[in-house]
Amino acid sequence: MASGLKARSLTAALCWIAVLLVAGAVTRQTQVVRAQSAKSDLTDPAQAARFIEITKALVCQCGCQQGLGECNHVGCSSAIPLRKEIEMKIRAGESDEAIIKAMVDRFGPVILAAPTGKGFDITAWVTPFIMIVVGLIAIYAFLRTQRKPRLGASQQPVAADPAYDEALRRVEGEIRMRKLQ
Amino acid sequence: MATVGSFALLCILVFSAFGIVAALIGCREETRRFAKIAQRAVYNCAALYVIVVGSLLYLLWRSDFNYEYVAAHTNRDLPAFFKLTSLWAGQEGSLVFWGFLLSLYSTAVVVTTRKKFPELMPYVSIVFLSTTFFFALLHVFVSNPFKELMMVQANGSIVAFAPPDGQGLNPLLQHWAMIIHPPLLYLGYVGCIVPFAFALAALITRRLSNDWIRATRRWTLLAWLFLGVGILLGAKWAYVELGWGGYWGWDPVENASLMPWLTMTAFLHSVMIQERKGMMKVWNVVLVALSFFLSIFGTFLTRSGIVSSVHAFAQSSIGTYFSVFLAVIVGVSAYFIIRRLPDLKSENKLDSIVSRESSFLFNNLILLGACFAVLWGTMFPIISEAVEGHKITVGAPFFNRINIPVGIFLLLLTGIGPLFAWRRTSSESLRRNLLIPTICAVVVAVLLSVLGYRDPYALMAFSVATLVAVTVASEFYRGARTRQKNTNENLPMAIFRLTMKNKRRYGGYVVHMAIVFLFVGFAGAAFNAESKAVLRDGEKAHFKHYTITCEKLEDVETPNYYAEKANLRVSRDNREIGLMYPEHRVYKASEQPTTEVAIHSTAREDLYLVYSGRSDDNQRAVIQIYVNPLVRWVWFGGLLFVIGTLIALLPDRFGWGRTRG
């Protein structure tokens, strides 16, 4: 694209984006979905949203390895009573932290769906990122070895090789011939 | 029949050992005599496995409950089809099936490549036969499919015993996706052995030109395809059959299959660097060995249940066998890689950091980073229990928190990478090619956010997906336009011919497009919504723009199960879309309850209805309602993935090869 045309297209695009951003800020449209939950009888959207968040953070103890909010084993002896209990506590006004802490106190840390950020558990979170950083360093080190030597150094005199010189002459001759044709 | 099968198993053990010895001798001698014996051992093991599988299928078909496997996984009223597919329902049959597929793969590879690479064949045969030997050890000593049920009588004598009926097949396995998911997945797992066998053979014989890569390219791609399809089918089954509303739970067994797929994806990319520039030779061999290791490890994780508790390991000796085999794989690979390091030196250097080669380095980093995160998260409960003494769980929140940003970055690389030219890219050309895709991506992000879809990761995913889609589309468009300058084809024809002339490249672009659809589908989960309705005949429930009317609640009985069924009439925006029938079933043989989900799927969203039981007064049905946006995009992405890989797999002579234009 000619650079004038490119500059104009870019400017036009940026203007449109600016218009849309302003429109977005002005209309302040919010999500219209009422939070509800399939596994509780909570009707207040805020409470239902809390229920979903809390059950996402906990794991069903029936052996299915699924989240407390997900286990759909019919008649599950763990998920159904626990979900009822969480629902009651939400209605009673307990905070999310208190509810989760009560669960951990009763079942141990195994009921949490993910390692905490404390103590040894933090290695769970940190190690993958450390490995990626290690990989980045390895790539950087590798790329450094790929740096070509300076121009002067690469122009080493080639050892005199009559066969090579002959072949080179022939090829150069052919190129000249083709150019003339 | 079982005696025939057991005898065949013993023969496999002996023949594979014999074949290994013959191959080892065949490596040293000039004539091909011993190498041919090893090849014949491969064929014989395949024939023997046919006998083994045939016997086991016969026992299953005839419901011979004398045998523990048959009694544990089938019952008389099981539909005949499922009696056969219960071959892979349990550990013993599953391992036999694995060994069977391995023997078929080995035979196919040996037959098709023995003339082209005669020097490599003895070593390739050793790898195949050693793995066959390992599985035969399992069949004979640890996990015998022909084990008979025994009973201790009152007078102390032990006698064979056959219960009147079996325990039946797990009802969750009685579904079409579950029928083809294990075979395809196993074909993928088993297929990882082929590039490994050739790589090891190349290392040992020091034939380290790119021959071994060319030999195995299609086998690798095929294994990768099977593994990917197997994983997606598993997700589809989980969604449709398990009924918890999702398709991926970061369960250890799911993770086990994802890991080798990630390393194989890395290999498929970095191998291109080796083909073009003779670089990354050590890394590619490492990737291939790692993929094979992970496939055996994945089989082990799936079949042994080690991760749910560290104590399961000690109870079953199958863990010991697998650990030893895995250690042998690591040891042998490491030994030969280190010994051959001088032969694996790079032939070239990178021309520039701003090149496709270096973008593949980052591609590998991200894919392996994701693989490590999955492995680490899957194994962490065991590590934590060993260190801290108490059990913890590493579930979906962990994997999602780490893999979502990693995945989005990978998606970004998918779009930008192909814009890098081989060797060196000018920043001019990069800027030019990125301009329109970036603008489109930003526009999409702004539009969606204006419309109210403000989840940050989803927005990132949608906008990066747009960038990738536009770059892929423009690759096809530009290539086709260039063709059209020299031919008078219309655009679709030009695109078609372009693809057929560069199957590997454009097949790959189709797969990239598939990844776009997959990620868009994944991002839809950020907007999942759910609700609950308790309905009796005639009552209605409203959720989002759906109206669900309960027409009839009924009880149903079939030979296989009892069910409570809800007949629900569903309409959207007051326009009727039909009847849906979620059920709650209890299977007679196993007395296991399951739910049959009812799904109405459109491109925009899935309406997912679960019958979760009756209310306390038994008059009403409790229906869980889920609205899951964009799930269809995942399945469509899966279809594109298959199409793209099949294009890349097509032989060069198919289509228009390199003859004209």
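Reply: One definition to start with: Ala, Val, Leu, Ile, Met, Phe, Trp, Tyr, Cys and Pro count as nonpolar, Asp, Glu, Lys and Arg as charged, and the others, Gly among them, as polar. Also, this is a predicted model.

Me: Fine. By class, what does the lining of the largest cavity have?

Reply: Its lining has four nonpolar, five polar and one charged residues.

Me: Which residues line the largest cavity?

Reply: The lining consists of B:Asn75, B:Leu78, B:Gly168, B:Leu169, B:Gln174, B:Asn560, B:Tyr587, B:Lys588, B:Ala589 and B:Ser590.

Me: And what volume does the largest cavity have?

Reply: About 40 Å³. The structure holds four cavities of 30 Å³ or more.

Me: Switching to pockets. What is the volume of the second largest pocket?

Reply: About 710 Å³. Its lining is made up of 26 residues, and those nearest the centre are A:Gly135, A:Ala138, B:Trp283, B:Leu365 and B:Leu368.

Me: Which elements give two or more residues to that lining?

Reply: From chain A, helix H5 (122–145); from chain B, helix H11 (281–304) and helix H14 (356–388). H14(B) gives the largest share, eight residues.

Me: And by class, what is in the lining of the second largest pocket?

Reply: There are 20 nonpolar, four polar and two charged residues in it.

Me: OK, helices. How do H19 and H20 of chain B pack?

Reply: Helix H19 (residues 503–523) and helix H20 (residues 631–649) of chain B pack at an angle of about 170 degrees, and their axes are 7 Å apart. Angles over 145 degrees count as roughly antiparallel, so H19(B) is roughly antiparallel to H20(B).

Me: Which residues meet there?

Reply: On the H19(B) side they include B:Val510, B:Val511, B:Ala514, B:Phe517 and B:Leu518. On the H20(B) side, B:Trp633, B:Phe636, B:Leu640, B:Phe641 and B:Ile647 are among them. By class, the contact of H19(B) with H20(B) has 15 nonpolar, six polar and two charged residues.

Me: Now strands. In what order do the strands of the four-strand open sheet in chain B run?

Reply: The order is E3-E12-E11-E10, with antiparallel pairing. Strand E3 (529–535) and strand E10 (598–601) of chain B are the edge strands, each pairing on one side only. From one strand to the next, the twist averages 20 degrees.

Me: How many bridges pair E10(B) with E11(B)?

Reply: Four, in the antiparallel sense, with strand E11 covering residues 605–614 of chain B. In that pairing, B:His600 stands opposite B:Leu607 in E11(B).

Me: What about E4(B) and E5(B): what do they form?

Reply: They form a hairpin with two residues between them. B:Lys544, in the turn, has a positive phi of about 50 degrees. Strand E4 (residues 540–543) and strand E5 (residues 546–557) of chain B pair over four bridges in the antiparallel sense, and B:Phe543 stands opposite B:Tyr546 in E5(B).

Me: Which residue stands opposite B:Asp555?

Reply: That is B:Glu564 in E6(B).

Notes. Residues numbered from 1 in each chain as written. Chains lettered and ligands numbered in written order. Predicted model: local features only at pLDDT ≥ 70, side-chain atom pairs only at ≥ 80, totals over all residues. Heavy atoms only, no water. 1 Å grid on protein atoms, 1.4 Å probe; cavity = no way out; pocket = protein on both sides within 12 Å on 5 of 7 lines; lining within 4 Å. Points joined across faces, edges and corners; volume = space filled by probe spheres on them. Pairing = 2+ DSSP bridges. Axes fitted to C-alpha atoms, helices over the stretch in contact; angles between N-to-C directions. Parallel < 35°, antiparallel > 145°, perpendicular 65-115°, else oblique. Contact = heavy atoms within 4.5 Å.
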